[in-house]
Amino acid sequence: MLMATRISITCSIHPLLKRTPRSLLSPKLFPKSYPCPLWSSSFSFCLHTLHKSTSRAPSLSRYCSSLSALSMAASTAVDEPIEANPLIRDFDFPPFDVVEAKHVRPGIRALLKNLEGDLVELERTVEPSWPKLVEPLEKIVDQLAVVWGIVNHLKSVKDSPELRSAIEEVQPEKVKFELRLGQSKPIYNAFKAIQESPDWPSLSDACKRIVESRIKEAILHGVSLEDDKRDQFNKIQQELERLSQKFEENVLDATKKFEKLIKDKKEIEGLPATALGLAAQTAVSKGHENATAENGPWIITLDAPSFMSVMQHARNRSLREEVYRAYVTRASSGDLDNAAIIDQILKLRLEKAKLLNYNNYAEVSMATKMATVEKAEELLEKLRSASWNAAVQDMDDIKKFSKNQGALEADDLNHWDINFWSERLRESKFDINEEELRPFFSLPKVMHGLFDLAKTLFGIDIEPADGLAPVWNKDVRFYCVKDSSSSPVAYFYFDPYTRSSEKKGGAWMDEVVGRSRVLSRDGASARLPVAHMVCNQSPPVGNKPSLMTFREVETVFHEFGHALQHMLTKQDEGLVSGIRGIEWDAVELPSQFMENWCYHRDTLMSIAKHYETGESLPEEVYLKLLAARTFRAGSLSLRQIRFASVDLELHSKYVPGGLETIYDVDRRVSERSQVIPPLPEDRFLCGFSHIFAGGYAAGYYSYKWAEVLSADAFSAFEDTGLDDIKAVKETGHKFRETILALGGGKPPLEVFVEFRGRQPSPEPLLRHNGLLQVPASA
């Protein structure tokens, strides 16, 4: 699952993407854009009841058609017959609107029973050929990915105790099957035979990538282990799955648990109207029926829109401190304490690495990435060195400004003061107030401008298709992506608003289904990809549409970049189409690339229209936004470097149960990556879902690694001229035909060179961040 990393506690919000790496032998949802690690942070009736449209939708029925034949003997923990279970009935789009917790146990067990039979048959008949190996394997992998994806996605966006319990019960059975599949020696030997055959040189790049990755993944899944070691490996995998799920549930529950009821408006002085409206709306949902934005009462939560509003705007310093401390100590005490879970996860990952003959888990992680541990550390140090002096200057500027404003805390600024005073400094220095900009960024206008940009760059049209596919919430939108001939090439869901009672925090993109020749509906054209994008921005309040901060705009562009790589793939081999098979440290390239367009004048002006008057954003305000782009860039860079460095340290050098605690490691890393050290009681690691419940373990550095690639890719447009529409379209076409089209069918470095014409350079990133000329020190 691809996640966005975009929040900063002591910095401004900056997206990240959480992607849960999913081996194709162990399908687990694809990259998810997770919220910033600090604040954290894949449909419809069945076929006969599906709303029909004039254009043919891609069928998902190939996943589940064989399941419909399952007899009543399949495990049924509910009264309804197994044939009526929406998880295993034929559908064009997943039945997100009718799947309930009661369907999970019988549905998943029926699926696994069927897939076990398919696997036994594959092992019995396997030959080292595409039709006898890869195609049946893809069908098995895909069925599990789609059905489990429905369940897992609903847990992220429509959580409930009943759904949690059902998933917790069947997850060990799902993991057992994944291990059985990943450790299949007949399949592994067949892939080895293909690699060693005389036909190997004639295979396409995509086919070679599939074979090579399947062999590597099988080894990493323990296929070479025997007897006791394999049993130990499998027990570790089962326990890691359980612990990761529990970790994420604790973070969600701890986030939901904090509620600050405020009745005196003086206590929340400084909060903008949008924040007051949201706080009152939250109060209404909690039983305070007469709550209003003007008179309250108001409820403050740790959900991003509420939390960040307090950090940036609340004049009440004690309120900022209370909310900040609650945030950085989430899931670190009582029944929700993640500390022991972290230690156990790290211990088991190290044991797993040793079983596979690696020195540490970081080496296991790097086995499927572009970088090595050494190269990742080298990049982080280069960026840290370039960012340090700028970050020191950032802090000096904030101290000086707050002192000039008469702040009593000026000589003793703490973490809960940084965002507040940096926002005041930004307003003063650039005459920009983010809250005053919200009316210019209404969600409908932003999406319209984003789709226009996609048409200009990539020659696609995006049209509403609401009603074609079932959805999980009334606010979810559904879209169809069409090429220049008006033929559908993909579909996607968009779930934009925060729902604190049931929805995980952060932002992410994930696949629903991938492009595939093997899973074609008509036997001729490939199955079309379907994606979903999930954000957690401020919902509409009253009659006003969702009015976005500029950072929320960047987050939507970020997630859309991920979706584009999934949807615009031209790779027909399903195991490497779209985002599948792409090395983790390259997957952020399209998402971070798209963020750059938020600062492009024509693009920004197309989305920045006042929601009431239609007035365009004034030119002088645009120029100020542009000037403010590098504001506190050094601090923001160091924040990401801290997360990436502590991640690598915990997975390469940390000894679970040794003299150092995980918090000691964080404090040691922070000495070189944070100008102000963390609070002694800082427990951000207990909420670091990216590495303990997502796909970023020993991989958080990927954000910075891919940022180098994405900045360099955008510089190709700068080189040809951003005002030259013909050149922009030509370069956009080249980007689509390489970065977006080739998927995991070619090594990412080769794909980048094919687009850019040379090896990547860090210079554009440092230049965009205003750090190129800053001398290094510390």
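**Reading the labels**

Author: Gladly! Let us start with His768, which is found in helix 27 (residues 763-768). Keep in mind that this is a predicted model.

Reader: Why does His768 count as buried?

Author: The cut-off for buried is under 20% relative accessible area. His768 has 11% relative accessibility, so it counts as buried.

Reader: What makes the pairing of the His768 and Glu718 side chains a polar contact?

Author: A polar contact needs N or O atoms within 3.5 Å, and the side chains of His768 and Glu718 are joined at 3.2 Å. Leaving aside neighbours within four places in sequence, His768 is also in contact with Asn596, Thr630, Ala711 and Phe714.

Reader: On to the salt bridges. What makes Arg164 and Asp159 a salt bridge?

Author: The definition asks for a side-chain nitrogen of Lys or Arg within 4 Å of a carboxyl oxygen of Asp or Glu. The side chains of Arg164 and Asp159 meet at 2.8 Å, N to O, and the label applies. Arg164 is buried, with a relative accessible area of 13%, and Asp159 is buried at 10%.

Reader: How do you know that Lys185 and Glu226 tie together separate parts of the chain?

Author: Their closest N and O atoms are 2.4 Å apart, in a salt bridge. Lys185 lies in helix 5 (residues 185-196) and Glu226 in the loop between helix 6 (205-220) and helix 7 (227-257), so the pair ties together parts that are 41 residues apart in sequence.

Reader: Are Glu573 and Arg517 buried or partly exposed?

Author: Glu573 counts as buried at 12% relative accessibility, whereas Arg517 counts as partly exposed at 35%. The two form a salt bridge, with their closest N and O atoms 3.2 Å apart. Glu573 is in the loop between helix 17 and helix 18, and Arg517 is in the loop between strand 8 (508-513) and strand 9 (530-537), 56 residues away.

Reader: How many salt bridges does a search of the whole structure find?

Author: The search finds 64. Among the residues linked in a network of salt bridges are Arg105, Arg109, Glu169 and Glu173.

Reader: What makes helix 14 largely enclosed by the rest of the structure?

Author: Of its 16 residues, 14 are buried, so helix 14 is largely enclosed. Helix 14 (residues 415-430) reaches 23 Å from its first C-alpha to its last, close to the 22 Å expected at 1.5 Å a residue. Asp431 follows helix 14 and has a positive phi, near 55°.

Reader: Which residues touch the most other members of the largest nonpolar core?

Author: Those are Phe492 and Phe560, in a core of 149 residues. Helix 13 (residues 373-404) gives the most to this core, with 12 residues.

Methods
Residues are numbered from 1 along each chain as its sequence is written. This is a predicted model: local features need pLDDT of at least 70, side-chain atom pairs count only at pLDDT 80 or more; totals for chains, interfaces and linings use all residues. Side-chain values use heavy atoms; hydrogens and water are left out. A nonpolar core is a set of buried Ala, Val, Leu, Ile, Met, Phe, Trp, Tyr and Cys residues joined through side-chain atoms within 4.5 Å. Buried means under 20% relative accessible area, exposed over 50%, partly exposed in between (1.4 Å probe, protein chains only). Helices (H or I, at least four residues) and strands (E, at least two) are DSSP runs, numbered from the N terminus. The expected span of a helix is 1.5 Å times one less than its number of residues. A polar contact is a pair of N or O atoms within 3.5 Å; within protein, one must be able to donate a hydrogen and the other to accept it, and residues adjacent in sequence count only if both atoms are side-chain atoms. Contact means heavy atoms within 4.5 Å.
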